[in-house]
Amino acid sequence: MIEKKEWISADVMARYAGHDRVLGVITWLLLALVLLDISLLHVDSRSTIIVLFCSLGLVCYKASARFLLRRGETKTLLDLVLLLLYAVAVSWFTGKTSSPFISVLYLILMATSLTLGRWIAFIMTGLTIALYTLLASFQSPSFWYDIGGHVVKIFPFILIAHLGALLRGEAESARAEVERLSLTDDLTQLNNMRSFEALALQQEKISKRYGTPFSICMLDADNLKQINDRHGHLAGTELIKWTARIIASNIRESDVAARFGGDEFIIMFAGQEQQNIVAAVERIVRVMHASPFSFEGELVQGTLSAGVASFPRDGEELRTIVKKADLAMYRSKRRGKNRVSLFDDQAGEAVPSGLQVGGEKLRCGVPKLDDEGAAVHFGEGEFPG
C-alpha cells in the first residue's frame with residue numbers, strides 16, 4: 001500500500017544536505033593541503049600563481065553556491081565536476097601523474113558513485129580517465145611509452161566507480177526497506193498511523209486551501225473476540241489480515257487506508273463528502289459479510305461496523321472528523337453491527353445510512369474473494385462526479 005509519497009522528499013533533501021557538508025569538508029581540506037604543498041615544495045612562481053588563482057576560484061564558487069544554488073543532485077554533480085577539474089589542474093603543476101594529488105581522483109570517483117549513482121559515476125569515470133590521459137601525454141616519458149603502467153593506474157578508477165555504485169544500490173535498498181517498515185503496518189501491509197496522519201494532515205491543508213471536501217471512515221471488526229474464543233488468536237489475526245485485504249481491494253488509489261489499532265481501521269476518501277462515499281463503504285461491509293475466510297479447514301465469518309464523517313460538514317479539523325467518524329461507527333454497533341452510519345450534527349449523533357446486511361435484500365450481488373487475490377473493485381459510478 002505504501003508508494004513513493006511526495007512528502008517523503010524531505011528525507012531526500014536532508015541526504016543531499018549531508019552530501020553537501022561532506023563535500024565541503026573534502027574541498028576545504030584539499031585546499032589546505034594544496035597550499036601547504038606548494039609552500040613546502042617551492043613550486044616555481046608561475047605555477048604557484050596559477051594554482052593560487054585556481055584555489056581562489058574554487059573558494060569563490062563554494063562561497064557563492066551556498067546562497068545561489070539549491071541543494072540537490074545538480075549541485076552535487078557540479079561540486080564534484082569542479083573538484084575534479086581543480087584536482088587535475090593542481091596535479092598538472094605538481095608533477096602531473098606523479099603528483100601527490102592524483103589520489104584525490106579516487107576519492108572524487110567514490111564520492112560520485114555513492115551520491116549520484118551508477119551512470120553518472122561511469123560518465124565521471126570516463127572524464128577522469130580522459131583527464132588523466134591528458135596529464136600523462138604531457139609528461140616524460142609520455143603516456144604511450146609507459147602505457148602498461150598507466151593502465152594499472154587507470155583500472156582502479158573503473159573499479160572504484162563500480163564498487164561505489166554497488167554500495168549505493170545496497171544502501172538505497174536498505175533505506176527503502178527501512179522506510180517501508182516505518183510507514184507500513186507489518187501485519188496488514190496497510191499504512192500505519194504515522195504515515196496515515198502525515199497524509200491526512202496534508203489533505204486537510206489542501207482542503208482548507210482550495211475548499212475541497214474529504215471524508216473519514218472508521219471500521220471495526222464486530223466479532224473478533226468470539227472468533228478468538230472459538231478458533232484461537234491465530235484466527236483473529238487472520239481476520240484482521242482478511243479485513244485489510246478487503247479494504248485495500250475496494251478503495252481507489254487516491255484513498256488512504258490504515259490500521260488504526262487492533263481490529264479497527266481508518267480510511268480517508270479524498271475529494272468526497274460523506275453522502276458520496278456511502279456506496280463505497282457499504283460495498284466494503286457487504287463484501288466482508290459475504291466473504292468468509294478459511295482457517296484450518298473451516299470457513300470463518302466476519303462482519304464490519306462502519307461510521308463516516310466529512311470535512312467541512314462535520315468539522316474543520318482532522319482530529320474532529322476522526323472523532324465523529326468513530327462516534328458514527330459505535331452508533332452502527334449499537335444498532336446491531338454489520339452496517340454503516342453517517343454522523344449527523346443536527347441530530348447530535350450518527351444516523352444509519354440505510355444498509356442492513358443481515359436479513360435484508362442487498363442492492364446488488366456481492367462476488368466473493370478467492371484465495372489468490374481480492375477480485376472485488378469499485379464499479380463505474382460508485383463516486384458521483
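1. A cavity here is a set of grid points where a 1.4 Å probe fits but cannot get out, and its lining residues have an atom within 4 Å of a point. With that in hand, the largest cavity of this predicted model is lined by Leu23, Thr27, Leu58, Tyr61, Lys62, Asp79 and Leu83. Rolling a probe the size of a water molecule over the atoms shows where empty space is left.

2. The structure holds one cavity of 30 Å³ or more, and the volume of the largest cavity is about 30 Å³.

3. The largest share belongs to α2, with three residues. Sorted by class, the lining has four nonpolar residues, one polar residue and two charged residues. Lys62 and Asp79 are among the residues that line the cavity, and Lys and Asp both count as charged.

4. Now for the chain as a whole. Its secondary structure comes to eleven helices and eight strands. Of the 385 residues, 47% are buried. The accessible surface is about 19,900 Å², and carbon and sulfur atoms account for 59% of that surface. Looking at contacts between residues at least 6 apart in sequence, 69% join residues at least 24 apart.

5. The loop between α6 (147-183) and α7 (193-210) deserves a visit, starting with Asp185, which is found there. Is Asp185 buried or exposed? Asp185 counts as buried because its relative accessible area is 15%, and the cut-off for buried is under 20%. The side chain of Asp185 makes a polar contact with the side chain of Thr188, at 2.7 Å. Once neighbours within four places in sequence are left aside, Asp185 is in contact with Leu190, Asn191, Asn192 and Arg259.

6. Gln189 is found in the loop between α6 and α7 as well. What stands out in its backbone is a positive phi of about 65 degrees, although Gln189 is not a glycine. Gln189 counts as partly exposed, because its relative accessibility is 35%. As background, most residues other than glycine have a negative phi, and most peptide bonds are trans.

7. A positive phi also turns up at Lys337, about 70 degrees, and Lys337 is not a glycine either. This residue sits in the loop between α11 and β7 (340-344). With a relative accessible area of 31%, Lys337 is partly exposed.

8. One more backbone detail for your list: where is the cis peptide bond that involves Pro312? The bond runs from Phe311 to Pro312, with omega near 5 degrees. Pro312 is placed in the loop between β6 (304-311) and α11 (318-334).

9. Strand β1 (residues 214-221) is the place of Asp220. Asp220 is buried, because its relative accessibility is 9% and buried means under 20%. Leaving out neighbours within four places in sequence, the contacts of Asp220 are with Asp263, Glu264, Thr303, Leu304, Ser305, Met329 and Lys333. How far apart in space are Asp220 and Ser332? Their C-alpha atoms are 9.9 Å apart, while 112 residues separate the pair in sequence.

10. Lys323 lies in helix α11. Lys323 is exposed, with a relative accessible area of 58%, whereas Asp220 is buried at 9%.

11. Finally, have a look at Asn223, in the loop between β1 and α8 (224-231). Its relative accessible area is 17%, so Asn223 counts as buried. Beyond neighbours within four places in sequence, Asn223 is in contact with Leu239, Gln301, Gly302 and Thr303. Thr303 is a contact of Asn223, and Thr303 is also on the contact list of Asp220.

Conventions: Residues numbered from 1 in each chain as written. Predicted model: local features only at pLDDT ≥ 70, side-chain atom pairs only at ≥ 80, totals over all residues. Heavy atoms only, no water. 1 Å grid on protein atoms, 1.4 Å probe; cavity = no way out; pocket = protein on both sides within 12 Å on 5 of 7 lines; lining within 4 Å. Points joined across faces, edges and corners; volume = space filled by probe spheres on them. Helix = DSSP H or I, 4+ residues; strand = E, 2+ residues; numbered from the N terminus. Buried < 20%, exposed > 50% of the residue type's maximum accessible area, 1.4 Å probe, protein only. Polar contact = N/O pair within 3.5 Å; in protein donor to acceptor, adjacent residues only side chain to side chain. Contact = heavy atoms within 4.5 Å. Areas by Shrake-Rupley, 256 points an atom, 1.4 Å probe, with all protein chains shown as cover.
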